[in-house]
Every structure is written in structure tokens, then in C-alpha cells.
Amino acid sequence: MYGLTDNELLKSASYINGQWLEGKTTFDVSNPANGETILAVNNAGVEETKLAVTAAKNALQDWKLKSANERGQLMRKWFDLMMANQSDLGRILTLEQGKPLAEANGEIAYGAAFVDWFAEEGKRLYGDTIPSPSADKRIVVIKQAIGVVAAITPWNFPNAMIARKAAAAMAAGCTFVVRPASQTPLSALAMAELAERAGIPAGVFNVVVGTNARGMGEVLTTHPDVAKFTFTGSTEVGKSLISQCATTVKKVSMELGGNAPFIVFDDADVDAAIEGALLSKYRNAGQTCVCTNRIFVHESIAEEFTQKFVAAVAGLTMGDGLKEGVHIGPMISAQACNDVDKLVEKSVEEGAVVALGGQRGEQGDNYYLPTILTGVKNSMPIASNEIFGPVSPIITFKDEEEVLAMANDTEFGLAAYFYARDIGTIWRVAEGLEYGMIGINEGIISNAAAPFGGVKQSGNGREGSKYGLDDYVEIKYLCMGGLERKAS
Ligand code: SIN
């Protein structure tokens with residue numbers, strides 16, 4: 001089916017407590033490249049979400065009491081299976097999400113890398129001993145799994161956004177329930193199938209798929225048995241989920257929206273900057289939180305940069321991600337195209353100039369042409385909003401102070417990029433940008449070894465890296481007393 005080697009990876013029901021749970025109704029998962037239905041999937045809701053939380057609660061004690069090595073070995077099997085099935089998983093991902101196959105295969109490797117990383121990192125969940133102010137006491141700190149973790153994940157990275165949360169949680173000894181976006185449940189279910197084959201015990205990794213986002217979200221954010229909630233998605237939705245979590249004082253980590261500046265200073269290697277901007281902006285048709293959102297170019301090199309950038313972007317081929325030679329797939333929906341088009345239209349009304357694209361592609365309602373706007377001001381809608389589409393607004397600047405002020409003039413603080421050669425500029429700008437992640441002469445910054453996360457209204461917590469376990473553990477302080485020296 002659909003050119004898969006292993007049709008058993010295409011699942012149509014939620015995976016709860018090691019069982020595939022058929023429901024009463026179904027919903028269609030469709031291919032954004034052509035609107036065709038891929039599969040009818042059982043529609044889970046509030047009751048099934050509660051069942052998943054209970055399953056995770058029941059599985060917690062056994063999982064938590066396993067040694068980090070035992071958990072790591074099971075996770076390592078899961079990683080091996082993901083990589084062994086990379087091309088099928090990539091195909092499923094492209095079918096439901098739209099990104100080109102090469103990118104989808106890249107996402108599978110990226111997601112699997114978190115499982116591999118945390119399978120090892122779980123072994124290094126070190127505690128601490130602290131010199132005590134009292135001679136008869138000792139202070140010891142241990143880190144323990146926080147408990148049941150609930151997650152809501154987005155459609156733009158249907159595999160990797162689950163993998164980097166689940167792997168950290170499971171390595172720390174937590175059990176996990178995820179509700180993936182209803183547009184892209186198939187990648188999550190394929191991960192569950194492989195978790196089962198890897199021997200991950202029932203109830204440790206649960207996937208509930210359904211269209212009742214509000215109801216299922218309410219269970220995951222308010223259920224007393226959920227200790228920690230984690231979300232990747234928009235800042236607007238994140239804020240309301242945080243407030244729901246407040247009712248039971250859950251630990252939360254949030255990976256929310258971005259408005260990444262991409263700054264090209266006058267001493268930059270312009271060709272390298274163009275390559276970086278191309279990757280950072282047009283990956284996943286611009287539907288990435290860390291995507292370049294505004295390109296700031298020093299006025300002295302603006303003409304050269306713009307000319308070369310337009311030529312490079314014009315060379316991108318748009319189409320069905322399953323087809324050979326396609327660089328940009330469809331957007332997730334016609335509505336997403338409309339939203340991008342409105343931002344472009346309003347900014348053109350305010351004086352921006354379309355240097356390339358600026359409209360839908362002839363391939364269909366879900367396709368938006370790779371676009372470049374010049375003459376953009378930082379206050380225009382295309383610069384002040386998260387675009388989440390394949391549009392590059394170019395803004396010129398005079399000096400470092402001006403560009404830093406413009407770059408930081410946003411409530412977001414996820415990723416930023418800049419290209420420069422002067423070491424003084426590099427340090428000042430890296431320190432001055434109010435963002436959680438900075439690409440310096442580099443357009444692609446995400447990997448399992450690095451701490452991914454934002455500041456300001458882009459969220460809190462870090463995913464991946466040695467810091468990634470912190471969000472899934474509680475620090476427990478042991479005060480050992482009664483150690484007075486006895487007179488001999
Ligand atoms: C995202 O869009 O939130 C994830 C991007 C990444 O992991 O690189």
C-alpha cells in the first residue's frame with residue numbers, strides 16, 4: 001500500500017496500554033498534496049484519553065524501577081527499528097504532512113536520534129552532594145522521574161516532535177501519553193507499532209488520536225494523574241494550555257511560536273548566507289517554528305544579496321513531496337495558504353514589493369509559491385507575525401544597534417541567525433539577541449545533542465541535550481541527620 005514495504009506500519013487506531021483501540025467513529029486523514037484520503041482512522045475522544053492516562057499511571061511504577069540501562073536497551077531497540085524502517089516511516093510522513101521525501105527521511109533520522117541520545121543520557125541522571133552547614137547533617141540530592149507525562153504535538157514534524165519529548169520522558173523513568181495533531185496521526189501510530197515491536201512494555205508509550213482537540217487537551221492538562229504536560233505549537237494555544245495546567249499545578253514545558261531574524265552583516269560571506277537562508281526559510285515550506293521569519297541585510301550588500309537570493313529561490317521546484325526532484329511540498333491546508341496570502345497582501349498594501357512569487361501555485365489550493373518581498377518594514381504584518389509559510393521579507397539596516405533593536409522587537413524569542421566575520425560583532429550580537437538559540441554563520445541548528453527551546457513568549461524548558469532530562473525529573477533533597485560525633 002502506498003509503496004510501503006511493511007503495511008503493518010500503517011495503523012488506524014489509538015495505541016493504549018499496548019492495545020490498538022477501535023472506536024465507534026472514524027475520521028479521514030488526507031494527503032495535503034492532492035486532498036485524497038489516505039486512511040480512515042478511529043476517532044478517539046475524552047474517554048479514550050482518560051484510559052491512556054490510567055494506562056500510563058499503572059505502568060509507571062515498573063518502568064520507573066527499571067535501571068536506566070534496562071530502559072536504555074529497550075529504547076535502543078526502538079531506535080534501531082526506526083532506522084531500519086526509515087524509508088517506510090518517511091513515506092508515511094510525506095503522505096500525511098506533505099514535506100518532500102528527502103526531508104521526511106531526514107526527520108525520521110532526526111527523531112530517532114533523540115531516542116538514541118536519551119537511551120544513553122538516562123544513564124547520566126546524576127544527583128549531588130552538598131556540603132552541609134551543620135556538622136551532624138549531610139545534604140544529598142537525587143533526581144527522580146516526575147511521573148506520567150502528557151504531550152500534545154503538532155503536524156509540522158509528526159515524528160520528531162513526539163520523539164524528542166517521549167525519549168527524554170521515558171529515559172528519565174516516566175510513562176507517556178501523546179495526542180498528535182489530527183492532520184498527522186499516522187506517523188505517531190507507526191512509532192507506537194515500532195515501540196511494541198521493540199518490547200517497550202504496555203502503558204509506557206500511549207498514542208491517542210482524535211479530532212476533539214479541546215476535550216482531549218482538557219483531560220491531558222487537568223487530569224490529576226498527569227504530573228507533567230508538554231506542548232509544541234502556537235503561543236496562543238500554549239498560553240491557554242498553561243492556564244489549564246495551573247488547576248493541578250503541573251510542571252509544564254512549552255515550545256511555542258517564533259519570529260526568527262536572519263541578519264546578514266556587511267562583512268558576511270554572502271553566498272554562505274544565501275545557502276543558510278534558503279535552508280532555514282524554505283525547509284518544510286516555511287512551516288517550522290525556528291524558520292527564518294525576517295531577513296535583515298546591511299544596506300551596502302542588499303542589492304547583491306537580493307539578486308542572488310531571488311535566483312536561488314527561483315530554482316526551487318514545488319510539487320507533491322513523493323515526486324523526484326521536488327524541494328517544496330504543499331502547505332498543510334488551503335487555510336494555511338490563505339493566512340500567508342493575507343499577510344503578503346496587507347504588506348504589499350503598506351509598500352512591500354513582490355520580488356518573487358506572492359501567490360498560490362498552479363498545483364492546487366494547498367500550494368503557495370516560494371516568495372520574496374523587498375522594501376519591507378519591521379512593522380509590516382509580514383514581519384510582525386509568525387508567517388509559517390514560504391515567504392522571505394527582506395528589510396535593510398544601517399548598523400548593528402539598529403538591527404539588534406529591530407530583531408528583538410517581538411514578543412517571540414525562539415531562534416535567530418546571523419552571518420558576520422568580525423569577532424567583535426559575533427560576540428556582541430550573539431549576546432545581544434534575545435533568543436534561546438542562535439545560528440552563527442549557520443542556518444540549520446537543530447540536533448539531538450543541542451538544547452532546543454526559547455525565551456520570552458516562545459516558551460520554556462529545553463528539549464534534547466544533557467539539559468533535556470531536567471524537564472522530566474523532580475529534584476529530591478535528602479537531609480541525613482543524627483551524625484553527631486560520639487565522645488570516645
Ligand atoms: C519546530 O518547528 O518546532 C521544530 C523545528 C526543529 O526541531 O528544528
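Predicted model: local features only at pLDDT ≥ 70, side-chain atom pairs only at ≥ 80, totals over all residues.

**A walk through the spaces and the fold**

Residues are numbered from 1 along each chain as its sequence is written, and side-chain values use heavy atoms, with hydrogens and water left out.

A word on how such spaces are found. Rolling a probe the size of a water molecule over the atoms shows where empty space is left. On a 1 Å grid over the protein atoms alone, a cavity is a set of points where a 1.4 Å probe fits but cannot get out, whereas a pocket is an open set with protein on both sides within 12 Å along at least five of seven lines; lining residues have an atom within 4 Å of a point. Grid points are joined across faces, edges and corners, and a volume is the space filled by probe spheres set on the points.

How many cavities of 30 Å³ or more does a search of the whole structure find? There are 6. The largest cavity holds about 80 Å³, and its lining includes Tyr110, Asn156, Arg164, Glu255, Arg283 and Phe452. Sorted by class, this lining has 6 nonpolar, 3 polar and 3 charged residues. Here Ala, Val, Leu, Ile, Met, Phe, Trp, Tyr, Cys and Pro count as nonpolar, Asp, Glu, Lys and Arg as charged, and the others, Gly among them, as polar.

Next comes the second largest cavity, with about 60 Å³ of space. It is lined by 14 residues, of which Met254, Glu255, Asn460, Gly461 and Glu463 are the closest to its centre. Two or more lining residues come from each of β10 (226-232) and β11 (251-255), and β11 has the largest share, 3 residues. Helices (H or I, at least four residues) and strands (E, at least two) are DSSP runs, numbered from the N terminus. The lining of the second largest cavity divides into 3 nonpolar, 6 polar and 5 charged residues.

Now turn to the open spaces. The largest pocket takes up about 1,200 Å³. Of its 42 lining residues, Trp155, Phe231, Gly233, Ser234 and Val237 are the closest to the centre. Helix α8 (235-245) is among the elements that supply at least two lining residues, and α8 gives the most, with 6. By class, the lining of the largest pocket has 17 nonpolar, 18 polar and 7 charged residues.

Among the residues that line it are Glu103, Leu278, Leu279, Tyr282, Arg283 and His327. Helix α9 (residues 270-282) gives the most to this lining, with 3 residues. The lining of the second largest pocket divides into 6 nonpolar, 1 polar and 2 charged residues.

Arg71, Gly72, Leu74, Met75, Trp78, Phe79 and Met82 of α2 are buried. Seen down the helix axis, these buried residues fall within an arc of 165 degrees, so they line one face of α2; the arc is that of the directions from the axis to the C-beta atoms. Gln73 and Ala84 are exposed on the other side of α2. Buried means under 20% relative accessible area, exposed over 50%, and partly exposed in between (1.4 Å probe, protein chains only).

Two loop residues deserve a stop. Most residues other than glycine have a negative phi. Ala285, however, has a positive phi of about 55 degrees; Ala285 sits in the loop between α9 and β13 (292-298) and counts as buried at 4% relative accessibility. Asn441 also has a positive phi of about 55 degrees. Asn441 lies in the loop between β18 (437-440) and β19 (459-460), where it is partly exposed, with a relative accessible area of 23%.
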